[in-house]
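Please have the viewer open and try each task before reading on.

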Amino acid sequence: DKALSIFRDLQKATPNLDSDTTKAHSADTAIYNTLLRAFASSSMTSKYFPIALSLLREMTTRGVSMDPMTATSITILLIRSSRSYSEALRAYRYVQSCQPNILDTNSYAAILNAYCSATFDDHSYPAAHGYFEIMRDMESRGIPRSAKVYTILLGRYAAAADRIRTIKDGSERERLRKAIETSIRVLHDHLTVDASVTPDAPLYNQLMDAYNRVGSFEKVLTVWNLLSSTGRHTNASVSI
């Protein structure tokens, strides 16, 4: 709060910050980026979300650019402040529209993880289509998808399967279980035809674990047979 107050006072006192326009723009860029990262890192999301959004709009109007770290931080803040996965996807799109092609490899990994980690009610989980939409953007930037991006989403499905066990209504619990199982199968199908990714043991283990937690034991054995027949199983594979 103090830093933002000082910055506003500075803007009022010296609108250009310096007689040299280039230096002024450079100073603005550094200050805006630092402030946005500070707001994005705060746990007080409801307080700093509107302030960060206002600063982002101000930067866009003034032509002040974000660096990849700031773009990542503000995207994650907007995702965490969303009320649904569709809204989180729109938030990601909004930051992209402010400054296209700013995100790098680490940015996408962090954003995909944030999108997956978001929980908007006790039994929500990310739909694969939204996740893959972000992945397609990543690939259009020349960043190849990796086994890790599949592992992240499978981990969220496994966690969602655990959460629904607490539901007392048996029919509702079974409906959600089947929905999560379908999502895991869709992801498995994507993985099977994805020539750009060579699945490693951690990915197969996560796939096995997700099927296990959702109660699809036939699929668990299918993945296990693939792992064991190729000699790629690990201690974690045996445990699952």
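The exercises below concern a predicted model, and they go from the whole chain to single residues.

**Exercise 1. Describe the overall make-up of the chain.**

Solution. Start with the secondary structure: the chain has 12 helices and zero strands. Next, look at the extent of the C-alpha trace, which spans about 70 × 40 × 30 Å along its principal axes. Then turn to burial: of the 240 residues in the chain, 43% are buried. Finally, consider the contacts with a sequence separation of 6 or more: 67% of them join residues 24 or more positions apart.

**Exercise 2. Work out how helix α8 and helix α10 are arranged, and which residues meet there.**

Solution. First locate the two helices: α8 covers residues 147-163 and α10 covers residues 201-214. Their axes come within 9 Å and cross at roughly 20°. Angles under 35 degrees count as roughly parallel, so α8 is roughly parallel to α10. The crossing of α8 with α10 is left-handed.

Now list the contacts. On the α8 side, the residues are Ala147, Tyr150, Thr151, Leu154, Gly155, Ala158, Ala161 and Asp162. They meet Leu203, Gln206, Leu207, Asp209, Ala210, Arg213 and Val214 of α10. Sorted by type, the residues of this contact are nine nonpolar, three polar and three charged.

**Exercise 3. In the largest nonpolar core, which residues touch the most other members?**

Solution. The core holds 73 residues, and Tyr131 and Ile184 are the two that touch the most other members. By helix, α8 gives the most to this core, with 10 residues. To see the surroundings of Ile184, set aside its neighbours within four places in sequence: what remains in contact is Leu154, Tyr157, Leu207, Ala210, Tyr211 and Val214. Among these, Leu154 also takes part in the contact of α8 with α10, as do Leu207, Ala210 and Val214.

**Exercise 4. Are Asn101 and Thr198 buried or exposed?**

Solution. Take Asn101 to begin with. Asn101 lies in the loop between α5 (85-98) and α6 (105-117). Its relative accessible area is 53%; the cut-off for exposed is over 50%, so Asn101 is exposed. The backbone deserves a look too: Asn101 has a positive phi of about 60°, although it is not a glycine.

Thr198 sits in the loop between α9 (170-193) and α10. With a relative accessible area of 67%, Thr198 is therefore exposed as well.

Definitions and conventions:
Residues are numbered from 1 along each chain as its sequence is written. This is a predicted model: local features need pLDDT of at least 70, side-chain atom pairs count only at pLDDT 80 or more; totals for chains, interfaces and linings use all residues. Side-chain values use heavy atoms; hydrogens and water are left out. Axes are lines fitted to C-alpha atoms, for helices over the stretch in contact, and angles run from 0 to 180 degrees between N-to-C directions. Helices (H or I, at least four residues) and strands (E, at least two) are DSSP runs, numbered from the N terminus. Angles under 35 degrees count as roughly parallel, over 145 as roughly antiparallel, 65 to 115 as roughly perpendicular and the rest as oblique. A crossing is left-handed if the near helix is turned anticlockwise from the far one by less than a right angle, and right-handed if clockwise. Contact means heavy atoms within 4.5 Å. Ala, Val, Leu, Ile, Met, Phe, Trp, Tyr, Cys and Pro count as nonpolar, Asp, Glu, Lys and Arg as charged, and the others, Gly among them, as polar. A nonpolar core is a set of buried Ala, Val, Leu, Ile, Met, Phe, Trp, Tyr and Cys residues joined through side-chain atoms within 4.5 Å. Buried means under 20% relative accessible area, exposed over 50%, partly exposed in between (1.4 Å probe, protein chains only).
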